[in-house]
Structure formats: structure tokens, C-alpha cells
Amino acid sequence: MRRGAAVEVRAREGLMGCGRRRGLVFRAAAGYCRKDMTVNAASLCFRNKVILAPMVRVGTLPMRLLALDYGADIVYCEELIDLKMLQCKRVVNEVLGTVDFVAPNERVVFRTCEREKDCVVFQMGTADAERALIVARLVENDVAGIDVNMGCPKEYSTKGGMGAALLSEPDKIESILTTLVRGICKPVTCKIRILPSTEETISLVKKIEKTGVAAIAVHGRKKEERPQHPVHCDVIKAISEAVSIPVIANGGSHDFIKDYADLAAFQQATAASSVMVARAAMWNPSIFRKEGPRPLNDVIREYIKYAVWYDNHYTNTKYCLCQMLREQLENAQGKKLHAAQSLQEICEIFEMSTFYKEKSALLEARKVSLETKDQDEDDQMEDTDVIKMAVKFDKREYPPQITPKMCLLEWCRKEKHLQPVYETIERPQDRLFRSVVTVASQKYRSTFWEKSKKLAEQAAAIACLRTLGLPEGKRSDEAGHLMNKRKRPDPEPLRNGEHRDELVAEAACKKPHFVPEASDSSVS
């Protein structure tokens, strides 16, 4: 990680910027905003800025941070659909120093960090004012602003009434933006494309201005036009002259923007307040560098460092690198990148294996340290009648169909004890699980938290079996009799349903119990 000055916010127009904090911050500041507060549009200035545009699959955390490194003033995240965000839970990731919005399938939908908190704008895809407000309130304390995508012409966006589909529904646009402006304390913006005529476009923009938005970004093409079509600078200029709010010009990568000096030329041609860059930044984010672009090889290595440090999924990392390599994808290195199946393999391709190993070891050590701290705190608070053991379940150490739970159940039946009873809890802050098993009136559990309820129960069974000195079914144990017993045909269950009753009884003995979520200060 490169180091720099602390974040500095300047109130004067044209001087607001985002610097860097030493090291990592491990808990995002929560903040609080009353629902009746006036929107503080001045907290994020949209005049005389160079801005990273929202780009699907590109505008993830590593790209946003790299753009800030090279001089971008504001960065937009990729468009995230409101329905997807509504399913997410806000999680403080103390290992990475991030705030994650995690879907039910444990996929991170949006990840941000303290470094970009004062200059990242969250862009959502929405066609409903109420949903938009719920999502905005979910993320507003972790971002600098909220943007509504009203310009994406792709089918996945328009078929849900989002993106460019909103351009033909000005009343819905007004409803969504007014609801957001009145409902949150961060500045609200929107991004549109131009309409068939300049007059129609100006009429829509004036309607948008009246909602109270802090700025409007204009992609200077119609929704049916593509990058190879010329950008309509004259229409953007007419819009800039027709409204008093900042207008952000977008769409100049093909015709105008090849290096940093071209940003000013595009701004002048459109009379816009600021310039937003998409594809030119995707190809080389050092386009924002006043001193000139960096060699692509150096940019790629810096991007990979952020991808590793913030555990970016390898498929997303690979996609972004492919956009940078472009014509080089057909050489030997490009073909290897196409075949890569992990961040580690990507690092090997670009001769960064040592970096990957060092950072992975550092993150793992941090994870273990935090887990140990949590376990110590939990142990101090919990009952002393539970026998605890630092054990984990690794199914690779067991033969097929044999598990510690099965071994424990078999022993209880043999000794004529009641069947084991499992009580499982979920820890809200990281959605990890831990289980306590009761056998012969004694409770047992692992000191570790697990990723799933099943793993937690197996770990509890291991703690019990090892305390009692019993075999747990590992390949090294004498578990052959259990395997044979499972494979031996038994006609009796077909006649009297005996085993079915046992299975029902076993299921009834499991008592999952989930700790209710604590209230989150990020949702106002």
C-alpha cells in the first residue's frame, strides 16, 4: 500500500479533494443524520472536478482507489440495482478495513473503505422512489453522495424500467429524485443521456433541477447511439447554459480524451462544470494524472495490489485487466490471463507471487488475531459449564459419508444416552455461526466461529468426542464399522418405519437459534 497525506476537505470551489490515510481503518465511522435535516449539497462540490464514471464491472473498489491515486476528485461506483441492495446486510470487515454490503448468498455486492468515504458516489439502478430511498439510507453514511442511473441503454437495465427507460417518464424521475433529496442528508445526483431534440433535453433537465439535485451528469449521446457515434458537445453546452446547477460532461473518451490535457478541452467544448471519464479511464486510470499517463505495466501492477489487499474477486479483477490490456490480450501474457482461475494465478502471470504471499499471510494473521480476540471476549462473558476446545471440521480429513456428528450419534445410541442436542447461534456483525452440543447433560463447543451452521455443529461434535476420548471418524480412526453399517441393506425400515422415526427424532433435537440483528446506525 502506498502512503500519503490524511484526507483533506477544502470548502472552496475547485479545491475539494480526497487524500489518503496511513494504514487501514478497521471500523468505519457510523455517523448519524436526522430524517428532517436539509441536504448538505456543499459537502461534495461538483464544480471543476475530474470524475471516474460509473461503469458496470469496472467501478469496483480497486479501480476507484487507483483513480483517486492518479488524481480523480470524485469516483462513482458501478450501477447497483435497488432490488439486489435491499437484500444486503451491512457488515464491518475488520480484516480488510472495509464496509461490505453482503447478499444472502454471502457475495459482496458493494465494498467501500474509509479512504474513499468523502469522494465516492453510490450509483443505483431503480424505477421506484420508495425502494430508492431505502437503499440510499442503507448506504448514505458510508458514501459521499447518491446517484440515480437514468442513462444506461442496455436491456438488463431498461427492461426493469430503469436506466434510459426513465427518460420517457419525467414524472417518475421527479418522484424518485424529490424523494431522495428530501429523505437523505447526502447530495443526490443523476446521470442521463440526451433526448431526440435539444429542446426536449433542456425541458427534462430543468424539471430535474427543480427537484433539488446537487448536479446532473450528461452523456452526450442518445440512448440508441453507441461509442462510435460522435458525442454531441453542442447539446451538453446548451444544457450547461440553461441550468444553474453543475453539469458534468460525459462521453468524450472516443473523440476527445487521450490524456489529461484533453479533459480541459472537453470541458471547454461543453461549457460543463466538470468532466466525467469512462472508457479512457478503464483503459488506463492514470488518465487523471496531471504529469501524464503512467506505463500500462505499472498501472496494472498497482491495480493488482489493490485487488489483493481488498480481496477483490478474481473474475472481476481479470475482467478489468482485460480492458486495460486490450490489443495485448492475444499475446502469451494475455492468453495466460484469460486462463487464470484465482488471484494467485493472476499475480504469478505478472510476476507478483511474492507480493501475493506476503499480503495473504498478513491478512490471514490479522484474521486469526481478530478471531482470537473475539473468542477471548466471548469466553469471558459465557457460562463456565461449557467445555470448550479449539477445533475445526475439515471434511477432507474424513471418508465419504462419515462425520463427527454421525459418530457422536452412534455412540449415544450405543450407550443409551439421549440423542445429542445442538443449539446454534449466528453472530450478526460477520454472519458466522457457533454451535453448542449437549450430551449426557454436559455442553461442548468449539472456540471458533464457522461460515455455516453445518460446520459449527460438526465442530461442536468434535469437541465432545475428543473430550470423551472417542473416535471422530477421521480416515486415521477405526471407522470402518460405521461405513459398513451405512452401506449394509436393512429391510426392517420398510416394514415398521423404525429408521424414519429415528431421523425425525434426530431432526427434532436440533435447535437452531439466531441472535436477532442489532440495530445499525448506518440506516437512518
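Helices (DSSP runs of H or I, at least four residues) and strands (DSSP runs of E, at least two residues) are numbered from the N terminus. The model is predicted: local features need pLDDT of at least 70, side-chain atom pairs count only at pLDDT 80 or more, and totals for chains, interfaces and linings use all residues. Residues are numbered from 1 along each chain as its sequence is written, and side-chain values use heavy atoms, with hydrogens and water left out.

**View A. Lys416 in the loop between helix 15 and strand 14.** Helix 15 covers residues 404-414 and strand 14 covers 421-427, with Lys416 in the loop between them. The phi of Lys416 is positive, near 60°, in a residue other than glycine. Most residues other than glycine have a negative phi. Lys416 counts as exposed because its relative accessibility is 75%; exposed means over 50% relative accessible area, buried under 20% and partly exposed in between, with a 1.4 Å probe and protein chains only.

**View B. Asn48 in the segment before strand 1.** Strand 1 spans residues 50-52, and Asn48 belongs to the segment that precedes this strand. Asn48 is a residue other than glycine with a positive phi, near 55°. With a relative accessibility of 45%, Asn48 counts as partly exposed.

**View C. Strand 11 and its pairing with strand 10.** In strand 11 (residues 247-250), Val247 and Ala249 point one way, while Ile248 and Asn250 point the other way. All four of these residues are buried. In a regular strand the side chains alternate between the two faces of the sheet. Strand 10 (residues 215-219) pairs with strand 11 in the parallel sense over four bridges; two strands pair if DSSP finds at least two bridges between them. Opposite Asn250 in strand 11 stands His219. From strand 10 the chain passes through helix 7 (residues 233-242) to strand 11, a β-α-β crossover that is right-handed. Right-handed here means that, with the strands pointing away from the viewer, the path from the first strand over the helix to the second runs clockwise.

**View D. Strand 11 and its pairing with strand 12.** Strand 12 (residues 274-277) and strand 11 pair in the parallel sense, over three bridges. Ser274 in strand 12 stands opposite Ile248. Between strand 11 and strand 12 the chain crosses through helix 8 (residues 260-270), and this β-α-β crossover is right-handed.

**View E. The salt bridge of Arg115 and Asp69.** The structure holds 18 salt bridges, each a side-chain nitrogen of Lys or Arg within 4 Å of a carboxyl oxygen of Asp or Glu. In the salt bridge between Arg115 and Asp69, the closest N and O atoms are 3.1 Å apart. The pair links distant parts of the chain, 46 residues apart: Arg115 is in the loop between strand 6 (108-113) and strand 7 (120-125), and Asp69 is in helix 1 (residues 61-70). Arg115 and Asp69 are both buried.

**View F. The salt bridge of Arg131 and Asp82.** The closest N and O atoms of Arg131 and Asp82 are 3.0 Å apart. Asp82 is buried, with a relative accessible area of 1%, whereas Arg131 counts as partly exposed at 25% relative accessibility.

**View G. The salt bridge of Lys305 and Glu302.** Here the closest N and O atoms of Lys305 and Glu302 are 3.4 Å apart. Lys305 and Glu302 are three residues apart in helix 10 (residues 296-309), and therefore about one helical turn separates them. Lys305 counts as partly exposed, at 28% relative accessibility. Glu302 is buried, with a relative accessible area of 15%. Elsewhere, salt bridges that share partners join Asp171, Glu174 and Lys207 into one network.

**View H. Helix 16 and the glycine that follows.** Helix 16 (residues 453-468) has 16 residues and should span 22 Å at 1.5 Å a residue, which agrees with the 23 Å between its end C-alpha atoms; the expected span is 1.5 Å times one less than the number of residues. The buried residues of helix 16 include Ala456, Glu457, Ile462, Cys464 and Leu465. Gly469 follows helix 16 and has a positive phi, near 70°.
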